[in-house]
Amino acid sequence: MSLIKNLKITTLAENLVMTKCLGQWGLSFLLEFIDAEGDRRKVVFDTGIHKKSLFYNIKQLKVDLNDVDCLVISHGHADHTTATVEVTEAAGGVKVYAHPHTFQPRIIEDKTGKRRRHGVPKDEGINEIDRVGGEVVLTSEPVEIVPGVWTTGQIQRVMPFERAVSPSEGERRIIVVDGEEADDQILDDQALWMDVEQVGPFVITGCAHAGPLNTLRQVQRLGHFANIYGLVGGTHLVGRSGNYLQQTIEGLRKFKLSLISPCHCTGFKATARLWQAFPEAFILNFSGRVIEAEKEPKKRVI
Ligand SMILES: [Fe+2]
Ligand SMILES: [Fe+2]
């Protein structure tokens, strides 16, 4: 497996705010690193739900999007895809990697049968990305987006208890694929992974609708890793039962994580439980947080 180095993960947008940045119910990360062939790289993973506050943070953090190599979209929910066109344009027109379901129409039907549109916003679709010079690459297979950094592709769901969405009363989630409506299991959900020199394997998640354990297992399988060093991103543990959280924590222990920075759809309760469960590994995440794989942050929890 080819190694990358000097991995730096900047949270461009996240729910929590601790510094000069703005928060939003959305997620966006910038990954900077030296790839497996020695080239300096920048990758944007997800683009949040609120354009103005994302770009406000980008300015505050003095991030230059000009030399971004590519974008990766974790899944087709609005809180991960609302500024894809704008980020692609700022990067000068680059590849945007996503699963084939990401841009498909999504609907939420409430218990009265009333339907509302859901998923990627209308003005952030494939044609709009094309129009600013981007190239959308759709695949359900793992892809090496730059040397040493991979997507998981569609994640195998092998953990019997992990569910794509938290239960919400009487609601039905629908995806339209090839004109056919189906229950939406958010099969497009994918993560990024890489093996960092002298540190170990890192996994960056969007919402982890496939389940954080399924996601880590997929990376373990793809990279032939005994353990996973770092997990940074959403875990979709918000609204889960105490038992569900407990099973997740027990499952996570098996990967022997040295760094865990859950955020976004993890929710306050689960974040606090993960802090308690992994006090040595935990790093609080928030808009503007910078995590450098090889360095101990000044403060893990603020
Ligand atoms: Fe999501
Ligand atoms: Fe999300």
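# Notebook: cysteines, iron sites and rings

Entry 1: I began with Cys70, which is buried at a relative accessible area of 2%. I note here that the model is a predicted one. I then asked how many disulfides the count comes to. The count comes to 0 disulfides. For Cys70, the nearest cysteine sulfur belongs to Cys263 and is 20 Å away. Cys263 is in no disulfide either, and the nearest sulfur to it, that of Cys265, is 7.7 Å away. I looked up the accessibility of Cys263 as well: at 3% it counts as buried.

**Entry 2: iron ion, ligand 1.** Which residues are the protein donors of the iron ion (ligand 1)? I found His75 through NE2, His77 through ND1, Cys207 through SG and His209 through NE2. These donors lie 2.2 to 2.7 Å from the iron ion (ligand 1). Along the chain they follow the spacing H-x1-H-x129-C-x1-H. I checked the angles among the 4 donor atoms and got 89 to 173°, and the site is irregular. His75 and His77 are both buried.

**Entry 3: iron ion, ligand 2.** I turned to the iron ion (ligand 2), which is coordinated at 2.2 Å by Asp79 (OD), His80 (NE2), Cys207 (SG) and His264 (NE2). The angles among its 4 donor atoms run from 85 to 156°. The donor residues are spaced D-H-x126-C-x56-H in sequence.

**Entry 4: the bridge.** What does Cys207 bridge? Cys207 bridges the iron ion (ligand 2) and the iron ion (ligand 1), and the two ions lie 3.5 Å apart. I also placed Cys207 and His264 in the chain, since the pair links distant parts of it, 57 residues apart. Cys207 is in the loop between β14 (200-205) and α5 (212-223). His264 is in the loop between β16 (259-263) and α7 (268-277). Is Cys207 buried or exposed? With a relative accessibility of 2%, Cys207 counts as buried. His264 is buried too, at a relative accessible area of 4%.

**Entry 5: aromatic pairs.** I looked up the ring pairs next, and the structure holds 5 of them. One of them is Phe161 with Tyr244, an edge-to-face pair at 5.1 Å centre to centre and 70° between the planes. Phe161 lies in the loop between β10 (149-151) and β11 (172-177), and Tyr244 lies in helix α6 (residues 242-253), so this pair ties together parts 83 residues apart in sequence. Both Phe161 and Tyr244 are buried.

I then took Trp193 and Phe225, whose ring centres are 5.8 Å apart with the planes at 80°, so I put this pair down as edge-to-face. Trp193 sits in strand β13 (residues 192-196), while Phe225 is in the loop between α5 and β15 (230-234), 32 residues apart. Trp193 is buried, with a relative accessible area of 1%, and Phe225 is buried at 12%. I found that Trp193 and Phe225 form one aromatic cluster with Trp150.

**Entry 6: a charge over a ring.** Last, I looked up Arg253 and found its charged end sitting over the ring of Phe278. The distance to the centre of that ring is 5.2 Å.

How values were computed
Residues are numbered from 1 along each chain as its sequence is written. Chains are lettered from A and ligands numbered from 1 in the order in which they are written. This is a predicted model: local features need pLDDT of at least 70, side-chain atom pairs count only at pLDDT 80 or more; totals for chains, interfaces and linings use all residues. Side-chain values use heavy atoms; hydrogens and water are left out. Donors are N, O and S atoms within 2.8 Å of the metal (3.2 Å for Na, K and Ca); water is not among the atoms, so sites may look incomplete. Four donors count as tetrahedral if all angles lie between 85 and 135 degrees; four count as square planar and six as octahedral if opposite donors are over 155 degrees apart and all others between 65 and 115; anything else is irregular. Helices (H or I, at least four residues) and strands (E, at least two) are DSSP runs, numbered from the N terminus. Buried means under 20% relative accessible area, exposed over 50%, partly exposed in between (1.4 Å probe, protein chains only). A disulfide is a pair of cysteine sulfur atoms within 2.5 Å. Rings of Phe, Tyr and Trp (its six-membered ring) pair if their centres lie within 6.5 Å; planes under 30 degrees apart count as stacked, over 60 as edge-to-face and the rest as tilted. A charge sits over a ring if NZ of Lys or CZ of Arg is within 6 Å of the ring centre and within 35 degrees of the ring normal.
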